[in-house]
Amino acid sequence: MKPVNLSAALASFDEVYSPRIVARMNDYDVRVAHARGEHVWHTHEDTDEFFLVLDGQFDVAVRADDGTETTIVLRQGDTFVVPRGTPHKPSSPGGSILMFEPTGTLTTGDHHEGEIPGHVDSTAGHAL
């Protein structure tokens with residue numbers, strides 16, 4: 001029953017694509033993460049994924065059923081929801097994000113393409 005300051009939470013770690021759980025609501029985690037570089041193409045089959053850009057820029061490439069790829073460019077204050085079952089690949093020149101995801105959801109989805117880059121933490125989130 002204490003408030004969490006998101007700036008202080010983000011200042012407490014440096015790793016990119018390694019989210020920290022700042023709150024839990026019902027069966028969802030509220031996570032914050034630093035973003036820089038390429039993530040991995042992945043899919044969450046049973047859940048949408050909500051992003052809010054807290055700082056910098058965060059891009060999300062999405063792939064349609066016909067294989068067409070589109071990149072959505074998000075800046076501070078922008079939100080975007082990746083619909084369940086949609087292959088997507090985040091990337092960023094640098095920034096920080098807030099995400100809502102069901103507790104236990106892996107950052108690399110139910111399945112992913114190729115090897116996971118060394119700077120991407122395949123996790124369901126870490127305690128703050």
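1. Basis of the note. The model is a predicted one, in which local features need pLDDT of at least 70 and side-chain atom pairs count only at pLDDT 80 or more, while totals for chains, interfaces and linings use all residues. Residues are numbered from 1 along each chain as its sequence is written, and side-chain values use heavy atoms, with hydrogens and water left out.

2. Helices (H or I, at least four residues) and strands (E, at least two) are DSSP runs numbered from the N terminus, and strand E7 spans 88–102. Eleven of the 15 residues of E7 are buried, which leaves this strand mostly covered; buried here stands for under 20% relative accessible area, exposed for over 50%, and partly exposed for what lies in between, with a 1.4 Å probe and protein chains only. Two strands are taken to pair if DSSP finds at least two bridges between them. E7 pairs in the antiparallel sense with strand E2 (residues 28–38) over ten bridges, and Arg31 has Met99 as its bridge partner in E7. E4 also pairs with E7 in the antiparallel sense, over eleven bridges, and Ser96 in E7 stands opposite Asp55.

3. Strand E6 and Val81. Strand E4 (residues 49–63) is joined to E6 by four bridges, and these two strands run antiparallel. Within E6 (residues 79–82), which holds Val81, the covered face is made of Phe80 and Val82, whereas Thr79 and Val81 form the uncovered one. Val81 counts as partly exposed because its relative accessibility is 38%. The bridge partner of Phe50 in E6 is Val81, and Phe50 is also among the contacts of Val81, together with Asp48 and Glu49, when neighbours within four places in sequence are left aside; a contact means heavy atoms within 4.5 Å. Val81 and Glu15 are 66 residues apart along the chain, and their C-alpha atoms are separated by 24 Å.

4. The loop between E6 and E7. Pro87 lies in this loop, and, leaving aside its neighbours within four places in sequence, Pro87 is in contact with Trp41, His42, Thr43, Ala61, Val62 and Arg63. From Pro87 to Gly37 the separation is 50 residues in sequence and 18 Å in space, taken C-alpha to C-alpha.

5. The cavity. How many cavities of 30 Å³ or more does a search of the whole structure find? The search finds one, where a cavity is a set of points, on a 1 Å grid over the protein atoms alone, at which a 1.4 Å probe fits but cannot get out, and lining residues have an atom within 4 Å of a point. The largest cavity holds about 110 Å³ of space, a volume being the space filled by probe spheres set on grid points that are joined across faces, edges and corners. Its lining has 13 residues, and those nearest the centre are Tyr17, His39, Glu49, Met99 and Thr107. E4 and E7 are the elements that give two or more residues to this lining, with the largest share, four residues, coming from E7. By type, the lining of the largest cavity divides into eight nonpolar, three polar and two charged residues; Ala, Val, Leu, Ile, Met, Phe, Trp, Tyr, Cys and Pro count as nonpolar, Asp, Glu, Lys and Arg as charged, and the others, Gly among them, as polar.

6. Two threonines between E7 and E8. Thr105 is placed in the loop between strand E7 (88–102) and strand E8 (111–112), and Thr108 lies in the loop between E7 and E8 as well. Are these residues buried or exposed? Thr105 counts as buried because its relative accessibility is 12%, and Thr108 counts as buried because its value is 2%. The side chain of Thr105 reaches the backbone oxygen of Pro102 at 2.7 Å, and, residues up to four places away in sequence not being counted, Thr105 touches Arg31, His44, Thr47, Thr123 and Ala124. For Thr108, the side chain makes a polar contact with the side chain of Ser122 at 2.6 Å; a polar contact is a pair of N or O atoms within 3.5 Å, and within protein one must be able to donate a hydrogen and the other to accept it, while residues adjacent in sequence count only if both atoms are side-chain atoms. Besides Ser122, the contacts of Thr108 beyond four places in sequence are His39, Val40, His42, Ile116 and Val120.

Definitions and conventions: On a 1 Å grid over the protein atoms alone, a cavity is a set of points where a 1.4 Å probe fits but cannot get out, and a pocket is an open set with protein on both sides within 12 Å along at least five of seven lines; lining residues have an atom within 4 Å of a point.
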